[in-house]
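Please open the structure in your viewer and keep the selection panel at hand. The tour below goes from one selection to the next.

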Amino acid sequence: SIVSQRYRTAYHFQPPKNWINESSYYRVRGTTSKEKNLQHPASYTTFINISGPMYYNGIYHEFYQYNPNGSVWGNIVWGHSVSTDLINWIPLETAIERDTPSDINGCWTGSATILPGNRLVIIYTGADPEKRQVQNIVVPKNLSDPYLREWTKAGNNPVIQPVGPGLNSGQFRDPTTGWIGPDGLWRIAVGAELNGDSAALLYKSKDFLNWTRVDHSLYSSNSSSMWECPDFFAVLPGNNGGLDLSAAIPNGAKHVLKMSLDSCDKYMIGVYDLKSDIFIPDTVLDDRRLWSRIDYGNFYASKSFFDSKKGRRIIWGWTNETDSSSDDVAKGWAGIHAIPRTIWLDSHGKQLLQWPVEEVESLRGNEINHQGLELKKGGLFEIKGADSFQADVEIDFELTSIDNADPFDPSWLLDVEKHCREAGASVSGGIGPFGLVVLASDNMEEHTAVHFRVYKSEHKYMILMCSDLRSSSLRPGLYTPAYGGFFEYDLEKEKKISLRTLIDRSAVESFGGGGRVCIMARVYPVAVVDGSAHMYAFNNGSATVRVPQLRAWSMRRAQVNVKGME
Ligand code: DQQ
């Protein structure tokens, strides 16, 4: 149908047509997936989060969770696609099916680990006949198949049972990639509820098959009761090269613990103490609303992996639909994955930075380039010539003075979305808002704004970045928040604030301040049609802002899970 074509993304990872996501709605709308399912006949499948991403023998693998035979969340198995460039994907047959007692009620999230001798193993969560969550192993059946289509389950599955005092057997899932300790033993962490706290439980093994639980957690917190999809990896401050967890971690490295909760992915930076085998965060904030986020928009259950081809760490998240369930039926598909991002630690060791993998630039065509623009208060510069539905835009904003910055109020950090609603794109401030308006109709009735504001805190500057969806569509019944995040910025040293936005029909994925704040969003414009949308750089702040460089490209369509002739 028309609806399905106009919102279907052109270069984000998504399932083949007629596959649908069901589990998203209870996150954003407060309805249960069950309620949603009751509204529809059982004739479509469920597309959920990423599992076990990896690079192995020249091929990138992306596994994902889906329900092959029904509209009810459940029956989860692993779909599988492969790629040589992380952008174009070939769909393959299901990799892990529900066919043993230890996964009969679902093959849930897991991770891949490359063992010495280039041996490959995946550990994943299964739901057993009693719906207890257990951890299972699969290995490739035939290593001479470059795509690794078939997988063999270990005879001793489940390799980890949900046993031990205080452990909730229904909240015990999503094992991490393994890392090797100085004693030569493998470790993994598993997300769990332990005595009512959220925990990353720690397990050890010699051979990746026989596991023992370590008597303490890698880390736990009483600020919530469960973490999904924990991710644990090492990073070197200021070095955008990734580290391989299957090798010894160099001195000076820090560790990151990522966890999924509250509909978003949060992280802590700290030190992994090898002696006591625990993760010690640099700062512990009791109020989890203040924890740093991988992405401040629609992005959940991400997984990272070490890419030995290019020596980088890549993180990947899942983005659900935010239109209505009947729209999903009309579209015949739902759910996408964000563009894979290189992830690394800034030189102060305080904040993760992310950037779309360079391969996405291979889709760029038709470069638009402007230099030396000046945006006075109320200034609006139309960016013409690029495909406004499929574009990659990079803008540098340069402040002419930082004296006008309004004072920062730390209480905004508790609810940044509220602040973005109050400090919208048309509300003038000292410095900012300035930024980008995309998918705008002729009269601006419909538009999505991505913008910055600069605030002065005691000894530093705080930059607010918002991705405001409130006017993104004239259609009712959509989830249209004003997403937002803050980052610290040394404006005395660096006068430029960069914005990069990937526009992909119903996706607007933005990277502020060189990847300090990332915001993934879904939009469903209706007034603009192909060729009719406008794109602008704007400034509504009192202080003039310069744009030393603005580049935009039209983005070609990628081959994403295209079956046969589509
Ligand atoms: N969904 C999976 C779990 C994971 C959650 C089940 C995250 O393994 O914790 O489909 O979306």
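Which residues are around the ligand? Select Ile48, Asn49, Gln65, Ile76, Trp108, Thr109, Thr125, Arg173, Asp174, Glu228, Cys229 and Ala301, where a residue counts as near a molecule if its C-beta atom, placed from the backbone, lies within 6 Å of it. Keep in mind that this is a predicted model, in which local features need pLDDT of at least 70 and side-chain atom pairs count only at pLDDT 80 or more, while totals for chains, interfaces and linings use all residues. Residues are numbered from 1 along each chain as its sequence is written.

Colour next the strands E1 (46-56), E5 (107-115) and E15 (228-235), each of which supplies at least two residues of the shell around the ligand; strands are DSSP runs of E with at least two residues, numbered from the N terminus.

From E5, move on to the open sheet of 4 strands in the order E5-E6-E7-E8, which has antiparallel pairing (two strands pair if DSSP finds at least two bridges between them). Its edge strands, E5 and E8 (151-153), each pair on one side only. Within this sheet, select E6 (residues 119-127) and E7 (residues 133-140), which run antiparallel and are joined by 6 bridges; Ala127 has Gln133 in E7 as its bridge partner.

Finally, colour domain 1 (17-356) and domain 2 (372-555) separately, with bounds that come from an automatic or database domain assignment. Between them, 24 residues of domain 1 are in contact with 23 residues of domain 2, contact meaning C-beta atoms, placed from the backbone, within 7 Å. On the side of domain 1 that touches domain 2, the largest share, 4 residues, comes from E24.

Methods: Contact = placed C-beta atoms within 7 Å.
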